Amino acid sequence: MINTVSSNIKNISTLEYKEKKFEYWGPTPDESRKLMVNKSHALKDKRMSLKEAVGKHIRDGINLGIGGFVNTRVPVAIIHEIIRHGARDLTLSFQSNSICPELLAGAMILDPDRVSIKRVELAWWGYEIIGIAPMVRYLATNGIIEMDDYTNYGMSVRFKAASMGIPFIPVRDHGGSDMELVNRGKMIECPFTGKNVYLLPACHPDVGIVHTTAADMYGNARIFGAYCTCPEIAMAANATIMTTEKVIPTESIRSYPNLTEIPFPVVDTVTEVQYGAHPGASYGYYWFDMDHIKMFRSICEDFRKTGNKDALKKYYDEYIFGCENHDDFLEKIGYKTLKKLKDMDGGQPIILT
Amino acid sequence: MSEYTPFEMIAYTGSRVLEDERIVFVGTGLPIIAAMHAQLTHAPNLYMIYEAGSLAPILEMGMPLSVGDTRAARKACYLKGLCGAFELTQRGCADYAFIGGAQVDMYGNICSTIEGHNYDKPGIRFPGSGGAGAMAANCEKTIAIMALEKRRFVKKLDFVTSIGFGDGSPDYREKAGVLGSGPYRVITNQALFGFDEATKRMMLLEVKPGRTPAEIQELVDFELIIPPDVKEMAEPTDEDLRLLRDVIDAEGYFLKRVIKK
């Protein structure tokens, strides 16, 4: 890039990469600002079914910003609905995630005319203790999807810059690593200190998907446990689809406005979905379902090793296409499992009043 | 002295290198176990940051299985999100980064992104940086856990994910715009490494009792600095093993893993 300083890192690794011209992988800051200005900012009831919400906002070619972190408060119910609805040519943006992008990737492997991923801007894609994520290993290793690598802070703060309405943000990481070469950030000389500082472009998803602890019907949302990057993603996105464990009265929101982490103007739809992050965890409600995640992961791993899609197709037919909505899915998971997961959360304290 | 496993030795050594009254930014698995062990023994005022957003939790519900585990938020002093956790770090509140990776070089740079040379179509795609790249940049000191194998202690990385001392030049990190002082220790089950102040190169500090520095050099593809005063690694006592096995990782999620060849 022109007028760019660098930390001169090209001799450290054996990396080979193609220089790419900078482009936004979703809405530009100006486009996103304009869209936000033109939205209705009324306090209006935004509750609707997930089918309606997804039908209204999800289309081919969008940048989809995925909330949660690894297995925590991951918006699985929304992902299931997106797979039923279909969405091709997606750009995915997230910091670290497990089952959400894996579910989309599995859907792509089964039927790329229904769901397909074009590229991913991310920090990490895996299952931590449970193992590597087989679908990303398959897709990225074979060059089927394009990757753009940042750190967890990098992706989080790119959403934060977008949520602040600024086009980029300076950070003190990425520089001197190969991420400086391959991602869309840029090293400059700080105009004040005269020293090198790395800049990251804001990330505005077309649609952000988040699952929250509680929200009112207007979309004012509380999050207990780690926020992950959900407030920033919701505020960065052109449209935000929100599921929440519990819709609470606006009176409660107004009693403790400090507890609102996502404000209503940035939220487009609200759907109460209990266990909406299952098999992920939701602090104060349920722990993650390690057995289910292991089961899905091992089906994906079998595909990666053998190329046989039968078990994968069976999983999607049973748990996604065989369900009208998340209640149907939870019925297949079963009361005993859900009760156990609730017990394992241990009643972490949350405020719903 | 009881028998101990390689994972137990790594966790115990990790605990030993953490000082009291410090803050450690932990990664999933052995770093969490090492920090919990340190808290229960010599460092009761050591606190953890978990990147999903919690500072100084009390882990009374058991060991978090991942850094995003909701249990890691239990009774924290401060609980925000990833931006909050990493901005504390960028500001200078995190003393240690505790990370892992697939490859490390003589200057403590670490790869966890790809194996192979071609970014767009690598031999193997790994999960990616996660928090590691940011931790290695901006925590004050970086501690890495690695398996001691020639294919991992390499002359040249496939991809630099987490910055160490770069090419070893004295101003590399400053030019890179990062803040922390960089690599501090590399922990394996057979040897503990540090870094030479002048050359920034990896230096052997301690070997497992019974091993020689020459044997350790055999397992490393680049030339180690081997000072004359290499010490023996301390071994976990029965009480350390009881804490690791019965108190910290009682379910054996990390310590009882089978090592895949």
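Begin by selecting B:A198, which lies in the loop connecting β12 and β13 of chain B. The model on display is a predicted one. B:A198 counts as exposed because 9 C-beta neighbours fall inside 10 Å, and a residue with 12 or fewer is placed in that class. Although 30 residues separate B:G168 from B:A198 along the chain, their C-alpha atoms are 9.3 Å apart.

Strand β12 of chain B covers residues 191–195, and strand β13 of chain B covers residues 202–207. The two run antiparallel and are joined by five bridges. To inspect the pairing, select B:F193, which stands opposite B:L204 in β13(B).

Extend the view to the whole sheet. These strands belong to an open sheet of 10 strands in chain B, with mixed pairing. Its order is β4-β3-β2-β1-β5-β10-β11-β12-β13-β14. At the edges, select β4 (78–79) and β14 (231–232) of chain B, each of which pairs on one side only.

Remain with chain A and select residues 239–244 and 269–272, which form strands β13 and β14 of that chain. They pair in the parallel sense over four bridges. Within this pair, A:T243 stands opposite A:T271 in β14(A).

Finally, select the whole of chain A. Its secondary structure comes to 13 helices and 14 strands. Its radius of gyration is 20 Å, close to the 20 Å that the globule rule gives for 353 residues, so chain A is as compact as a globular protein of that length. The C-alpha trace of chain A spans about 60 × 55 × 35 Å along its principal axes. Of the 353 residues in chain A, 54% are buried. Among contacts in chain A with a separation of 6 or more, 82% involve residues 24 or more positions apart.

Note on methods. Residues numbered from 1 in each chain as written. Chains lettered and ligands numbered in written order. Predicted model: local features only at pLDDT ≥ 70, side-chain atom pairs only at ≥ 80, totals over all residues. Pairing = 2+ DSSP bridges. Buried ≥ 20, exposed ≤ 12 C-beta atoms within 10 Å, placed from the backbone. Rg over C-alpha atoms; globule rule 2.2 N^0.38 Å. Contact = placed C-beta atoms within 7 Å.
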